[in-house]
Amino acid sequence: MNITIIGSGYMGLVVGACFAELGVHVTCVDPDKQRASRLIFGALPIYEPGLETMVQHNVNQHRLKFCTNLSEGLTDADYVFCALDTIINPADAVEAKAAT
C-alpha cells in the first residue's frame, strides 16, 4: 500500500512515520521547500520521543520519503491525507493558500 501525506509538520510527519513503521510506503509532500530539504537530510522540524529513530529507520528501509513536488508524491498513491495547517485570517475566515 502507498500513502501520500500532504504536509510534514507535526501531524503529517508523525502519522507518516507511524504508517511507515507498520510497513506502508509513505511519501510526505511538503510545500515548504526548506522543511522538505531538511527532512530529506534527516533534520526533523519537531521533537517527539523516538520519532527521529523511527523516521531514520523507515527512510533507510525505503518506506518513508519526502519531496516538494505534488505530482511526484501522488504518482503511486493509493490513499492521500492532507495534513496542512489551517490558517485563520483576522476576519476569522479560513485561508486556503497553503493547500493551493
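Visitor: Buried means under 20% relative accessible area and exposed means over 50%, so what is left for partly exposed?

Guide: Partly exposed is the range in between. Keep in mind that this is a predicted model.

Visitor: What does Phe-81 touch, leaving aside its neighbours in sequence?

Guide: Leave out residues within four places, and Phe-81 is in contact with Ile-3, Thr-4, Ile-5, Ile-6 and Phe-19. Take Ile-5. It is 76 residues from Phe-81 in sequence. In space, their C-alpha atoms are 4.8 Å apart.

Visitor: New topic: strands. How do β1 and β2 pair, parallel or antiparallel?

Guide: Parallel. Strand β1 (residues 2-6) and β2 pair over 5 bridges. Asn-2 stands opposite His-25 in β2.

Visitor: Let's switch to helices. Which residues of α3 are buried?

Guide: Leu-51, Val-55 and Asn-58. Helix α3 spans residues 51-60.

Visitor: Why do they end up on the same side?

Guide: Because they cover an arc of only 75 degrees around the axis of α3. An α-helix has 3.6 residues a turn, so residues three or four places apart point the same way.

Visitor: What is on the other side of α3?

Guide: Glu-52 and Thr-53 are there, and they are exposed.

Visitor: And what do the buried ones pack against?

Guide: The buried residues of α3 pack against α1 (10-21) and β3 (64-67).

Visitor: Zoom in on Asn-58. How buried is it?

Guide: Its relative accessible area is 0%, so Asn-58 is buried.

Visitor: Which residues does Asn-58 touch?

Guide: Not counting residues up to four places away in sequence, Asn-58 touches Ala-17, Ala-20, Glu-21, Arg-63 and Leu-64. Here is a distance to go with that. Asn-58 and Phe-19 are 39 residues apart along the chain, and their C-alpha atoms are separated by 9.7 Å.

Visitor: What comes after α3?

Guide: α3 is followed by His-62. His-62 lies in the loop between α3 and β3. Gln-61 has its place in that loop too.

Visitor: Is His-62 buried or exposed?

Guide: Exposed, because its relative accessible area is 65%. The C-alpha atoms of His-62 and His-25 are separated by 7.6 Å. Along the chain, these two residues are 37 residues apart.

Visitor: And Gln-61? Where does its accessible area put it?

Guide: At 42% relative accessible area, Gln-61 is partly exposed. Gln-61 and Glu-21 are 40 residues apart in sequence. In space they are 9.8 Å apart, C-alpha to C-alpha.

Visitor: Last topic: charges. How many salt bridges are there?

Guide: The structure holds 1 salt bridge. The side chains of Asp-30 and Arg-35 meet in it, at 3.3 Å from N to O.

Visitor: What lets such side chains pair at all?

Guide: Side chains of opposite charge can pair when their charged atoms come close.

Visitor: Is Asp-30 buried or exposed?

Guide: Buried, because its relative accessibility is 3%. Arg-35 has 24%, so it counts as partly exposed.

Technical notes: Residues numbered from 1 in each chain as written. Predicted model: local features only at pLDDT ≥ 70, side-chain atom pairs only at ≥ 80, totals over all residues. Heavy atoms only, no water. Buried < 20%, exposed > 50% of the residue type's maximum accessible area, 1.4 Å probe, protein only. Helix = DSSP H or I, 4+ residues; strand = E, 2+ residues; numbered from the N terminus. Arc of directions from axis to C-beta. Contact = heavy atoms within 4.5 Å. Salt bridge = Lys/Arg side-chain N within 4 Å of Asp/Glu carboxyl O. Pairing = 2+ DSSP bridges.
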